[in-house]
Amino acid sequence: MESNEFNRPLTEAAENSSPAPVSTANETVSVSYAQQSSQESIINRLREIDLNACEADKQEIDYLKQTFYKLHKAEQETARKTFIEEGGDPDAFIPSPDPLENVFKEVLGSIKEKRSALAAEQEQEKEENLQKKLALLERMRELAESAEDTGKIYSEFKQLQQEWNDIKSVPAAKVNELWKTYQLYAEKFYDRVKLNNEFREYDFKKNLEQKTRLCEAAEKLAEETDVVSAFHQLQKLHQEYRSIGPVNKELREGIWARFKAASTVVNRRHQQHFEQLKEKEQHNLDQKTVICEIAEAMEFDKLKTFNDWEEKTQEILALQAKWKTIGYAPQKMNVKIFERFRAACDDFFKRKAAFFKSVKENMAENLEKKRALCEQAEALKDSTDWKSAAEQLTHLQKEWKTIGPVAKKHSDAIWKRFIGACDYFFERKGKVSSSQRSVELENMARKEDIIRQLTALDEEAVSNATVERVRQFIKEWNAIGHVPYKEKDRLYDTFHQLVDKLFDKCNNSSSEKRLKKFKSSISRGGDSLSREREKLVRNYESLKSDIQTYENNLGFLNLSSKKGNSLVTDIQRKIERLKGELELVQKKIAALDEKAE
């Protein structure tokens, strides 16, 4: 029996071995992790993360979750396959609970709870920071519009700037708005307030140095091989640029244009990178669509045998292996195309399971048929009716070949039972046949010796004793038993050809002598010749009638048996002998007619 192993299609978690890119605030990060070897190792890693959940990498947590359920689904598919192999209905399969899944959810829940609490604290802190910065902006606006003495307000304004820089995260939606307002009040303060030139020039110079350094750092990012990393570094440079005060009015546009140009290069590379990813994802979608079409085009009505299903199974497995080598499709189509492929694979394996189920039922019927043949063979194995039993066993063997396969676990045992009974009988028959063959070989040697003697007799001159010697050889020949079957016809034909040849020679010689003697005995009287002629004519008609009778009888004989064949040969010889007599009578009548003239 063919293997009844049902392969299952890919699970969604197994579609690709690397985690999907994570998008946050128009940023995409591609992270690579080592493959986790087991569910236990994943849980152990999550417990380590739980110890410092607030500092954990969310992408790593997501990947560990994805991998755990990949392994979980793989175990369920293995259990389902075993259930089907044991004869279960695929639709009735219910997976057993996984005890590790509860532990996994518990640890993951703890991490999620801690991170949620941290996120809530961070959001609260951002709101508080927002209020603080709004208060600072309000005071900066007052100072920028104040006409007080420069010495008094300059120190306070610098202090406000320091406090502004010390305050970190605020809600993302307010970042640009706050920065623009801050820049507005800072530039307004430096432009409108009558500052001491020495202080003013010092701040402008210091700010220019810092912004020049940021421009150089931004320009260097163009050489960064990791485009995504360069993009993130650029965001940090922008945050730092925003925190730096203004420069000399004549240099403001130039330094900003330089920083903006460097930023444009990095941003363009970042955009091109994801456009290439988009093209690659579209190419991946095209490849996966072709695989789906191949899987959906299976011609199930042509799958009639184990080999047919096995070949198609290998094709499906090859498509699944190819699928795993292809990367992600576009996000909006990735799940849909996978579900389409999984549906095609599920349909194939569902049909395969139904085929194997029907085959199992047929195999059960075949097993019963073969058991019945075993019983018949075992009933014949001790028979001594060699010919009949051999014919019946040969018929059983032919019938065995017409019966389909049985289950592999029964195949060897039922075959050994059947062939054991057949071999037992034929071994017994072989031993008997072996002794019979030695006798047949002796009989063949005796018949070949008779043939040699007949051949020698044919080379001698014909005499009165020739016919008697031929008849004696015939008696000896008929008394000899069977010869090997393959030699029977050859010996028979050779023997009878020699016998017929010798009889013909003897008959011809005898006829000539009798005719010569008849001619010498013919009298010269007319009445005696006439009476002799009438006698010969009556004999002639009688011979013709006998020949006709024998020829008619030949049409009723059955030549299929050895006995029938022998009888036909005897009749044919009688016909030939009567024809010889008829020819002799004709010659005698001709001799009488010649004498009468």
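This is a short talk on one protein chain, from its overall make-up down to a few single residues.

First, the ground rules. The model is predicted, so local features need pLDDT of at least 70 and side-chain atom pairs count only at pLDDT 80 or more, while totals for chains, interfaces and linings use all residues. Residues are numbered from 1 along each chain as its sequence is written, and side-chain values use heavy atoms, with hydrogens and water left out.

The chain as a whole. Its secondary structure comes to 16 helices and 2 strands; these are DSSP runs, H or I of at least four residues for helices and E of at least two for strands, numbered from the N terminus. Of the 597 residues, 33% count as buried. Buried means under 20% relative accessible area, exposed over 50%, and partly exposed in between, with a 1.4 Å probe and protein chains only. The chain exposes about 37100 Å², and carbon and sulfur atoms supply 49% of that; the areas come from the Shrake-Rupley method with a 1.4 Å probe, and for residues only the protein chains shown count as cover. A contact means heavy atoms within 4.5 Å. Among contacts between residues at least 6 apart in sequence, 81% join residues at least 24 apart.

Helix H1 covers residues 39-51, and at 1.5 Å a residue its 13 residues should span 18 Å; the end C-alpha atoms are 19 Å apart, which agrees. The expected span is 1.5 Å times one less than the number of residues. Which residues of H1 are buried? They are Gln39, Ile42, Ile43, Leu46, Ile49 and Asp50. Seen down the axis of H1, these buried residues fall within an arc of 115°, so they line one face of the helix; the arc is that of the directions from the helix axis to the C-beta atoms. Their cover includes helix H2 (58-85) and helix H3 (99-144).

H2 has 28 residues and should span 40 Å; its end C-alpha atoms lie 41 Å apart, which agrees. Buried residues in H2 include Tyr63, Leu64, Phe68, Leu71 and also Arg80. Just after H2, Gly87 takes a positive phi of about 100°.

On to the cores. A nonpolar core is a set of buried Ala, Val, Leu, Ile, Met, Phe, Trp, Tyr and Cys residues joined through side-chain atoms within 4.5 Å. The largest has 25 residues, and Ile316, Trp323, Phe341 and Phe348 have the most contacts inside it. Helices H8 (249-296), H9 (306-325) and H10 (331-380) are the elements that give it two or more residues. H10 supplies the largest share, 11 residues. A second, separate core of 20 residues includes Phe157, Ile167, Leu178 and Phe204.

Last, some single residues. How many disulfides does the structure hold? The count is 0, where a disulfide is a pair of cysteine sulfur atoms within 2.5 Å. For Cys345, the nearest cysteine sulfur is that of Cys292, 8.1 Å away. Cys345 counts as buried at 0% relative accessibility, and Cys215 is buried with a relative accessible area of 0%. Asn443, in helix H12 (residues 408-459), is buried at 8%. Leaving aside residues up to four places away in sequence, Asn443 touches Ile480, Gly481, His482 and Val483.
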